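This briefing sets out the main features of the structure displayed below, grouped by topic for reference.

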Amino acid sequence: MCPIPTAGEQLPGGLILVVEDDPLILEFLCEILQDEGFVVHPQVSADAASEYLEQHANEVGLLLTDITMPGKLNGADLANEFGDRWPGKPIMIMSGFETPKSSGVRHKVSFIKKPWALGQLLDCVEAAFKSRQ
């Protein structure tokens, strides 16, 4: 799994909360983002991410979540909760099956369809951060 960042490492955009239920994709995403200098925190479910946000929302600069995942909450639910509670923070959604609209996301989000290319992912992350500046 991806290491947890230490204090003082965060970029001005803040930490990226990465939520993906497939452990291989989660690890790959975190490695890509860390290689680009981003600080990430991985979560394997929307439920776990929601709990993490209760204590650490002020550190999170971007929510990056898949839509379809097991548990009480899916990625669309998490995006709606995040957008309701922290409306100034950007949200990026990825999915190979659904779109933000078809899954019921109510907030403005950046969206990338799986499978994505590395450059597409990084462009989307950058655009998501810029969308809320």
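**Overview**

Pro115 is placed in the loop between strand 5 and helix 5. The model is predicted. Its five strands form an open sheet in the order 2-1-3-4-5, with parallel pairing.

**The sheet and its edges**

- The edges of the sheet are held by strand 2 and strand 5; each has a single partner strand, so one side of each is left without a neighbour in the sheet.
- On average, and with direction ignored, neighbouring strands of this sheet are turned by 20 degrees against each other.
- Strand 1 (15-19) is joined to strand 2 (residues 40-43) by four bridges, and the two run parallel. Within this pair, Leu17 has His41 of strand 2 as its bridge partner.
- Strand 1 also pairs with strand 3 in the parallel sense, over five bridges. Here Leu17 stands opposite Leu63 of strand 3.
- Strand 3 (residues 60-66) and strand 4 run parallel and are joined by four bridges; the partner of Thr65 in strand 4 is Ile93.
- Four bridges likewise connect strand 4 with strand 5 (residues 110-113), again in parallel, and Ser95 stands opposite Lys113 of strand 5.

- What is the burial state of strand 4 (residues 91-95)? Five of its five residues are buried, so strand 4 is largely enclosed by the rest of the structure.
- Ile91, Ile93 and Ser95 point one way from strand 4, while Met92 and Met94 point the other way.
- In strand 2, Val40 and Pro42 point one way and His41 and Gln43 the other, and all are buried.

**Crossovers and helices across the sheet**

- From strand 1 the chain passes through helix 1 (residues 23-35) to strand 2, in a right-handed β-α-β crossover.
- A right-handed β-α-β unit is also made by strand 3, helix 3 (residues 75-85) and strand 4.
- Helix 1 lies across strand 1, strand 2, strand 3 and strand 4, and runs at about 175 degrees to strand 2.
- Helix 5 (residues 118-131) lies across strand 1, strand 3, strand 4 and strand 5, at about 170 degrees to strand 5.

**Helix 2: a buried and an exposed side**

- Ala46, Ala49, Ser50, Tyr52 and Leu53 are the buried residues of helix 2. They cover an arc of only 165 degrees around the axis, which puts them on the same side of helix 2.
- Glu51 and Gln55 are exposed on the other side of helix 2.
- The packing partners of the buried residues are strand 1, strand 2, strand 3 and helix 3.

**Nonpolar cores**

- In soluble globular proteins, nonpolar side chains tend to be buried together.
- The largest nonpolar core has 22 residues, of which Leu17, Val19, Leu53, Val60, Leu63, Leu78 and Phe82 touch the most other members.
- At least two residues of this core come from each of strand 1, helix 2 (46-56), strand 3, helix 3 and strand 4.
- Another core, of 21 residues, lies apart from it; Ile32, Leu64, Leu121 and Leu122 are among its members.
- Leaving aside residues up to four places away in sequence, Phe82 touches Leu53, Val60, Leu63, Pro87, Lys89, Pro90 and Ile91.

- Asn80 touches Gly104, Val105, Arg106 and His107, not counting residues up to four places away in sequence.
- Asn80 and Ser103 are separated by 23 residues in sequence and are 11 Å apart in space, C-alpha to C-alpha.

Note on methods. Residues numbered from 1 in each chain as written. Predicted model: local features only at pLDDT ≥ 70, side-chain atom pairs only at ≥ 80, totals over all residues. Heavy atoms only, no water. Buried < 20%, exposed > 50% of the residue type's maximum accessible area, 1.4 Å probe, protein only. Pairing = 2+ DSSP bridges. Right-handed = clockwise from strand over helix to strand, strands pointing away. Core = buried A, V, L, I, M, F, W, Y, C linked by side-chain atoms within 4.5 Å. Contact = heavy atoms within 4.5 Å. Axes fitted to C-alpha atoms, helices over the stretch in contact; angles between N-to-C directions. Arc of directions from axis to C-beta.
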